[in-house]
Amino acid sequence: MHHSRGKSKNTKAANAPKQKISYEKKADPAITEYAVRALNWLRKAEFLMSAPKLNLCVEDSGYEVAFAGRSNAGKSSAINALTNQKQLARASKKPGRTQMINFFSLGNPEQRLVDLPGYGYAAVPESMKIVWQKELENYLIHRKSLQGLVLLMDIRHPLQHFDVMMLEWAYSRHLFVHVLLTKSDKLNRGPANKVLLEVKQQLKKMKLDFSIQLFSSLNRQGLEELASVMAGRLNFTLEQSQQFDLASIPEATADELEAEELPDTEAVEQLTETAAKEP
Ligand SMILES: Nc1nc2c(ncn2[C@@H]2O[C@H](COP(=O)(O)OP(=O)(O)OP(=O)(O)O)[C@@H](O)[C@H]2O)c(=O)[nH]1
Ligand SMILES: [Mg+2]
């Protein structure tokens, strides 16, 4: 807690009526309540189906939000954290795990989460990659119920080429995007906030006016924030939210996550981290 310094003694503020100032960020109680109810709603998630292509997807009605991002960014893990289910979406230390468009219903089939295959996974045969990118593109362009994207980026490698392309493309199509800097547990609080600020500034510079937050499936940082954004996008109305209780939000499940990435990826990342730490 900060205390006012001596020099503020003679300012107008010093003459103002005394009031208790809290430097801790107080969340709006109404929003928090909505977020908690949203989290309890998200726990109702159930696997609906996997589709290898657009015309095999579930009916294109209602509302859905898709999780997109580079392979291994943590999309499936984020869906599992958000829905408090260990194996709803299949997470893996092997990049390229998610190979279809996976649909999850949230209590009713008209509100859905979608787990997309990651882009940029080099080890998939080129021919297969082309087919997949085509299907992904098809889905993103033609899906009417798609209300927006959650774009995930590993906090240690934000705004890679494909991410920027995706963001620009989404912006040009007026598609809503909420950005997650994932695996925030990999950095200390200070450095994590610094990356957050930097990416925010970069987005601003590129005129990509998207919301962004820190997120960790491991320690559940940012879960409530993400839940309210999801709920808002998926038309989880205040009225609907009344059906969900304010029971405490899910506990952390640190030990239930898959081990981190493939060893070689990790080595590269450690190098990057070391480089980033150097002045
Ligand atoms: N430390 C840490 N590791 C995480 C976190 N989220 C995911 N991981 C790990 O990162 C790896 C990839 O996670 P996934 O959720 O499978 O990633 P994905 O984006 O779905 O990957 P694809 O399906 O290949 O596109 C796994 O080993 C996870 O355990 C996190 O918040 N913190
Ligand atoms: Mg996945």
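Buried residues make up 32% of the 279 residues in the chain; a residue is buried if 20 or more other C-beta atoms lie within 10 Å of its own, exposed if 12 or fewer, and partly exposed in between, with C-beta atoms placed from the backbone. This is a predicted model, in which local features need pLDDT of at least 70 and side-chain atom pairs count only at pLDDT 80 or more, while totals for chains, interfaces and linings use all residues. Residues are numbered from 1 along each chain as its sequence is written, and chains are lettered from A and ligands numbered from 1 in the order in which they are written.

The mean pLDDT (the predictor's confidence in each residue, from 0 to 100) is 81 for the chain, and 73% of its residues reach 70 or more. Over residues 1–14 pLDDT stays under 50, and the model has five contacts beyond four places in sequence for them. A contact here is a pair of residues whose C-beta atoms, placed from the backbone, lie within 7 Å. Of the contacts in the chain with a separation of 6 or more, 76% join residues 24 or more positions apart.

The secondary structure comprises nine helices and seven strands. Seven strands form an open sheet in the order E1-E3-E4-E2-E5-E6-E7, with mixed pairing; two strands pair if DSSP finds at least two bridges between them. At the edges are strand E1 (45–51) and strand E7 (211–214), each of which pairs on one side only.

Strand E5 (residues 146–154) runs parallel to E6 and pairs with it over six bridges, and Leu149 stands opposite Val177 in E6. Between E5 and E6 the chain passes through helix H5 (residues 161–172), in a right-handed β-α-β crossover. Right-handed means that, with the strands pointing away from the viewer, the path from the first strand over the helix to the second runs clockwise.

Strand E6 (residues 177–182) is mostly covered, with six of its six residues buried. In a regular strand the side chains alternate between the two faces of the sheet. In E6, Val177, Val179 and Leu181 point one way and His178, Leu180 and Thr182 the other way, and all are buried. E6 pairs with E7 in the parallel sense over four bridges. Across this pairing, Leu181 has Leu214 as its bridge partner, and Leu180 has Gln213. Helix H6 (residues 189–205) carries the chain from E6 to E7, again as a right-handed β-α-β crossover.

Apart from its neighbours within four places in sequence, Leu42 is in contact with Leu82, Thr83, Leu106, Ala227 and Met230.

Leu82 and Thr83 are among the buried residues of H3. Helix H3 (residues 75–83) is mostly covered, with nine of its nine residues buried. Just after H3, Asn84 takes a positive phi of about 55°.

Definitions and conventions. Helix = DSSP H or I, 4+ residues; strand = E, 2+ residues; numbered from the N terminus. Contact = placed C-beta atoms within 7 Å.
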